[in-house]
Amino acid sequence: MRKKDTTAEYAIPNVEARLISRIDEPSMDSDAFAGFYQRSAAGLRAYLARVSGNPTLADDLMQESYLRFLCATHPEGGEVNYRRYLYRIATNLLRDHWRRPRAMCLEDIPERLLAARDGMSRVDSQATLDPAMALMRPRDRQLLWLAHAEGYSHKEIAEITGLRAGSVRLLLYRARRKMARLLREQAADRSRA
Amino acid sequence: MKLSSCSFEKEVAQALKDGHWPQGCTPELRNHVGACTPCSDLVLVTQAFQRVRSESSHEEPGGSPGLLWWRAQLRRRNAATQQISRPITIAEIFALIVTVVVAIGFIAWQYQHGLRWASWWSEVTLSRGLHLVSMGSAVMNGNLSLLIPGVGMLALIGGLVVYLVTEKS
C-alpha cells in the first residue's frame, strides 16, 4: 500500500507562495526552528506553568508563543535575542489571558484563590517552590522566574515585561523578600512536623 | 518599603549565576551572606529557582516543532492573502460610496427642479415595455446623457486610484 504523503496537504501552491514572499520570507527554516524549539521549549513551558499555575494553559500559550514567534520578524542578535523575544511574546500572552473579560485582572486576583487553584492542579506537590509561588502575585512570579531561574538582568526583564528597569528592581526586591520569608516559613513548618 | 541594597549583592548574584556558590567563593563572602539579609534572601531564592529550573529542563515539552512550523506557514499564508485582498475590498467600498453619494446628489438636484424624470418614469407602462430602449434614449437628453456616464467613470477611476494607492502602500 502506498504511503500517503502528509506534507503534500500542507504544501503551499505556487501562486500563494508568491503572495507570501511579497510580505516577507520566513526568517527561520524548519530545521533551525526544530533546534531552537528543543533548546528553548522546556524553559518556556516551565516559565508559563509556574507563572500561570496551570499546566494546560501553559501548553496552549507555549504553542501560541511559538506560532507568533515564527510569524513575526525576528530581532537581530541570534538565539539569545530570539529567546528573549519569545519570552516577551509569552509574557504578553499571559497578560492578555489575565485581562480577558471572563478572567479577572492580573493585579486583582486574590492570592488565596490562586493558592487554591494551584493546589488543585499541581502535579509535583513535593516541590519546595510551588507552595510559596502559589502565594505570590502573578507579576511577582514572572519577575522572580525571569530573574532567578532564567538569569535575566533588570534591563532584560524590563524589555520582556514592558516595565521600567527601575520599577523592576524595586518590585523584584519586594518579591524576593516575600518569597524568602515564605520559603523560610515552609522550612520551619517542615522541621516542626 | 525601603530598598536596602548591599554592595556584595552583585558579586553574590554572579557567583550564583556561574554556579560558583558556595564552594567557589571566599570565606569572607560566605560569612557576609550569613549575616546580610538581602544577600541571604538572594541566595535562598535563587537556589530554589535554579533547582526547579534544572528539574524542568529535563521535562519533555509537548508538541511537535515541525507541526508548529507548518501551522505558522499557514497562518502567514492567510495573513498574506488577507493583506493582498484588502486593497480590492477598499476600492469596492469606495466605488460603492461614490456611486451612492452621486446618486443621492442627482436625486436631490432633480427634486429641486420639479422631478421631471419622475414624469418620464410614470409614462413607462407594461404595454410600452418593448419600446423601453428607444424611449429611454429619447428621454435621456441634455444633462442626463452626460451625467450617467460621468458618474460611472468617476466611480471606476476613483476605485482604481484607491486600489493602486493601497496596493503600493
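**Exercise 1. Describe how H3(A) and H4(A) pack in this predicted model.**

Solution. Step 1: the two helices (DSSP runs of H or I, at least four residues, numbered from the N terminus) have axes 9 Å apart and pack at an angle of about 140°. Axes are lines fitted to C-alpha atoms over the stretch in contact, and angles run from 0 to 180 degrees between N-to-C directions.

Step 1: that angle makes H3(A) oblique to H4(A). Angles under 35 degrees count as roughly parallel, over 145 as roughly antiparallel, 65 to 115 as roughly perpendicular and the rest as oblique.

Step 2: H3(A) and H4(A) cross in a right-handed way; right-handed is the label if the near helix is turned clockwise from the far one by less than a right angle, left-handed if anticlockwise.

Step 3: the contact of H3(A) with H4(A) has 13 nonpolar, 2 polar and 1 charged residues. Ala, Val, Leu, Ile, Met, Phe, Trp, Tyr, Cys and Pro count as nonpolar, Asp, Glu, Lys and Arg as charged, and the others, Gly among them, as polar.

Residues are numbered from 1 along each chain as its sequence is written, and chains are lettered from A and ligands numbered from 1 in the order in which they are written. As the model is predicted, local features need pLDDT of at least 70 and side-chain atom pairs count only at pLDDT 80 or more, while totals for chains, interfaces and linings use all residues.

**Exercise 2. Determine how H3(A) lies against H5(A).**

Solution. Step 1: the axes of H3(A) and H5(A), residues 79-99, come within 11 Å and cross at roughly 30°. Step 2: H3(A) and H5(A) are therefore roughly parallel to each other. Step 3: the crossing is right-handed. Step 4: the residues that meet include Leu44(A) and Leu48(A) in H3(A), and Tyr82(A) and Leu86(A) in H5(A).

**Exercise 3. State which helix gives the most to the side of chain A that touches chain B.**

Solution. Step 1: chain A puts 38 residues into the contact and chain B 34 residues. Step 2: H3(A) gives the most on the chain A side, with 9 residues. Step 3: that side divides into 25 nonpolar, 6 polar and 7 charged residues.

**Exercise 4. Locate a stretch of chain A where pLDDT is below 50.**

Solution. Step 1: pLDDT is the predictor's confidence in each residue, from 0 to 100; its mean for chain A is 78. Step 2: residues 1-22 of chain A are below 50. Step 3: where pLDDT is low, the predicted coordinates should not be read in detail.

Key
Two residues are in contact if their C-beta atoms, placed from the backbone, lie within 7 Å.
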